[in-house]
Amino acid sequence: MDLIKISTDSVIQIYYYLAIFATIVFVIKLIMFTIFGGDSEVAADFNSEIDTDVSFNFISIQSVLAFFMGFGWMGYGALQQFELTQLVSFVVAFFVGFIFMFVTAYLMFMVKKLEKTVKKDKTTAVGKIGKAYTSFEAKTQGQIEIDINGQLTIAEAINATEEHINSFEAIKVVKVLDDILYIEKLEK
């Protein structure tokens, strides 16, 4: 005896439309993930110093869509093909939806782990020539564009001199102290 008195045909339609909708949105989201990446960022050779977090997100849009996709298709199949009761089909569909959700979250976690995170050794920038990204007053902090570990990077820096440095002027890194670059204006 079913707890909810809804016709089996109506429940089959609910499962079917839920499965179709979730599958279409899941595929669209997956295509967007493939084209634009996990965070919808476009990769380039010009990076900042911000690191990405590779944490396991069990609850995400993709994993919730996977749950509804598995839930809908299994509920539909359990009622339509296997002719189970509504309660048993709901329990089985919920279990399968949870498995879909977990597997999708795990796969997304593994894909994010593949992202390359380079630890930049700023000491390799000592003696290198770059350019000021922002203007620097005497002994103030700003940003520079410099090659660190073979990658063009925007990094925080401090003007080590009493001279004003304009934006886009050539600079030279003179030292690194506590992971901060100290620069001076490059004389022509």
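These are my notebook entries on a predicted model of one protein chain.

**Entry 1: ground rules**

I note that the model is predicted, that local features need pLDDT of at least 70, that side-chain atom pairs count only at pLDDT 80 or more, and that totals for chains, interfaces and linings use all residues. Residues are numbered from 1 along each chain as its sequence is written, and side-chain values use heavy atoms, with hydrogens and water left out.

**Entry 2: the chain as a whole**

I looked up the secondary structure and found three helices and five strands. Helices (H or I, at least four residues) and strands (E, at least two) are DSSP runs, numbered from the N terminus. Along the sequence the pattern reads α-α-α-β-β-β-β-β.

I then checked burial. Buried means under 20% relative accessible area, exposed means over 50%, and partly exposed lies in between (1.4 Å probe, protein chains only). The chain has 188 residues, and 29% of them count as buried. Its accessible surface comes to about 12100 Å², with 64% belonging to carbon and sulfur atoms. Accessible areas come from the Shrake-Rupley method with a 1.4 Å probe; for residues, only the protein chains shown count as cover.

Residues 24 or more positions apart account for 64% of them.

Leaving aside neighbours within four places in sequence, its contacts include Ile144, Ala157, Ile158, Ile165 and Ile183.

**Entry 3: helix α3**

Helix α3 covers residues 86–113, and Leu107 lies in it. I checked its span: 28 residues reach 40 Å from first C-alpha to last, close to the 40 Å expected at 1.5 Å a residue. The expected span is 1.5 Å times one less than the number of residues.

The buried residues of α3 include Ala93, Val96, Met101, Met108 and Phe109. Against what do the buried residues of α3 pack? They pack against α1 (8–36) and α2.

I also found a nonpolar surface patch made of Phe95, Phe98, Ile99, Phe100, Phe102, Val103, Tyr106, Leu107 and Met110, with about 820 Å² of accessible area together. Patches are made of residues with over 30% relative accessible area and no salt bridge; like charges are joined within 9 Å, and nonpolar side chains (Val, Leu, Ile, Met, Phe, Trp, Tyr) within 5 Å. One member, Leu107, is partly exposed at 49% relative accessible area. I set beside this that in soluble globular proteins nonpolar side chains tend to be buried together.

**Entry 4: salt bridges**

How many salt bridges does a search of the whole structure find? It finds four. A salt bridge is a side-chain nitrogen of Lys or Arg within 4 Å of a carboxyl oxygen of Asp or Glu.

- Asp147 pairs with Lys128, the closest N and O atoms being 3.6 Å apart. Asp147 is in strand β2 and Lys128 in the loop between α3 and β1 (129–132), 19 residues apart.
- Glu145 pairs with Lys131 at 3.9 Å between the closest N and O atoms. Glu145 lies in β2 and Lys131 in β1, so the pair ties together parts 14 residues apart in sequence. Glu145 counts as buried at 15% relative accessibility, while Lys131 is partly exposed at 32%.
- Lys185 pairs with Glu169 (3.5 Å, N to O). Lys185 lies in β5 and Glu169 in the loop between β3 and β4, so this pair ties together parts 16 residues apart in sequence.

**Entry 5: positive phi**

I looked up two residues other than glycine with positive phi. Glu83 has phi near 55° and is found in the loop between α2 (61–80) and α3. Phe168 has phi near 70° and is found in the loop between β3 and β4. Glu83 is exposed at 65% relative accessible area, and Phe168 counts as exposed at 57%.

Note on methods:
Contact means heavy atoms within 4.5 Å.
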